[in-house]
Amino acid sequence: MTATGHLLAGWHGPFRDQPIVAGLDRTTGETTWTVTVGKGKNSPIGVDGGQAYAISKAETMIAVDAAAGDTIWQRPLAPIDDADPGVVEFAPIPLGDRLVVPISGTEDDIPDRLVVVDRADGETRFIHPLPASLSGAPGATANGVIAPLVDGRVLFLDRTGAVEWTREIGAALSAVSAVDGAAYLGAATEELLAMDSTTGSVLWRGQLSNTVFTRPLVADDRVYVGGADYTLRAFDTVSGQQLWRDDLGNAVTHGPLPVGDRLVTLVGGNHRIRGSSGTIPFDPTVLYVHEQDGTRVRTVPLDGRPFEDGGGVEWAQAAGETVYLGQTFGLTRLAPEAITDA
């Protein structure tokens, strides 16, 4: 959702009539406008400043006005048409007057790279080759992006295309959260890492019991992380001390998400793991609601729910104080009181 309240969605399907970006009515879920670019799987949407950005395996990148659905610019992006579907797994990343477009599959069928373009017109500023595939979504700082790689390295690329630092962690890494000079990411070394985003030095390591599939959440001097060890944890951002943990019913595949003063976490579903593992089904699929002190407020089983025949739940996302569940063929908006009421 944009800062002005426009709700946006995208489609991952390979068919020609499925839009790369669509505007939805927040109240009814009805589609108000769509933008299509031709047949090909599409990326998630990057949203900033009232605009949405996405890329497609139709070898296209696009900028769309979120209020009216007008195309601001559309540019070719090649070669990605013959690449594996993972090549469009990551959303474009707004970075000031630029846009960082991650192009990275899970197979060796195209060069892995970060394409940096002007936000105003989509013209290419530079292309930075990556030494390995991305293992998770990069995190943006004020001056660049921090990119995690499947070979266990982390690198910082500044706005000019220079690599400021590279660090060897030793195992595949999760998506990156970058806040207040620090970067947080989970590692297959069964750790939550806090890194200095300026130097790349490791500030502290929080002990986990498995890898991390999702982006850690940083809020109010705490970092929350859900793992493949079926556990939700909170750590102090300064000391790295674990503040609390709650054992859940499955691997955390999305979240935790901030919804008001609560945390919403999805476990289960079909999750695509970067690298050689591919898509793995986790069962059961359950939504958890927690207070920030770790108190569990609600457990919502999702398997078997009809959701108007939209199919199984694949992901969860928060917009304001509302949670949306993405399904194989549909989208469901949860009643806000399901999250906020005691």
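This is a predicted model: local features need pLDDT of at least 70, side-chain atom pairs count only at pLDDT 80 or more; totals for chains, interfaces and linings use all residues.
Residues are numbered from 1 along each chain as its sequence is written, and side-chain values use heavy atoms, with hydrogens and water left out.

**Stop 1**

Select residues 60-65, which make up strand β6. Strands here are DSSP E runs of at least two residues, and helices are H or I runs of at least four, all numbered from the N terminus. Five of the six residues in β6 are buried. Buried means under 20% relative accessible area, exposed means over 50%, and partly exposed is in between (1.4 Å probe, protein chains only).

Two strands count as paired if DSSP finds at least two bridges between them. Pick A52 and you'll find V64 of β6 as its bridge partner. The hairpin of β5 and β6 has three residues between the strands, and E59 takes a positive phi near 60° there.

Next, bring in β7, residues 71-76. Five bridges join β7 to β6, and the two run antiparallel. V64 shows up again, this time opposite T71 in β7. In the hairpin of β6 and β7, with five residues between the strands, look for G69 and its positive phi near 80°.

**Stop 2**

R75 forms a salt bridge with E123, with the closest N and O atoms 3.1 Å apart. A salt bridge here is a side-chain nitrogen of Lys or Arg within 4 Å of a carboxyl oxygen of Asp or Glu. E123 sits in the loop between β10 (113-118) and β11 (124-129), so the pair ties together parts that are 48 residues apart in sequence. Both ends are partly exposed: E123 at 40% relative accessibility, R75 at 24%. A search of the whole structure finds 12 salt bridges.

**Stop 3: around D97**

What does R159 meet in a salt bridge? Select D97: the two side chains come to 3.0 Å, N to O. R159 is in the loop between β14 (153-158) and β15 (163-168), while D97 is in the loop between β8 and β9, 62 residues apart. Salt bridges that share partners join D97, R98, D118, R125 and R159 into one network.

R125 also forms a salt bridge with D97, at 3.6 Å between the closest N and O atoms. Since R125 lies in strand β11, this pair ties together parts that are 28 residues apart in sequence. For accessibility, D97 is partly exposed at 40%, R125 at 33% and R159 at 26%.

**Stop 4: an open sheet**

Select β12 through β15. They form an open sheet of four strands in the order β12-β13-β14-β15, with antiparallel pairing. The edge strands are β12 (139-140) and β15, each pairing on one side only. β12 and β13 (residues 144-148) pair over two bridges, and A140 stands opposite V145 in β13.

**Last stop: the loop between β7 and β8**

Finish by selecting D81, which is in the loop between β7 and β8. D81 is partly exposed, with a relative accessible area of 41%.
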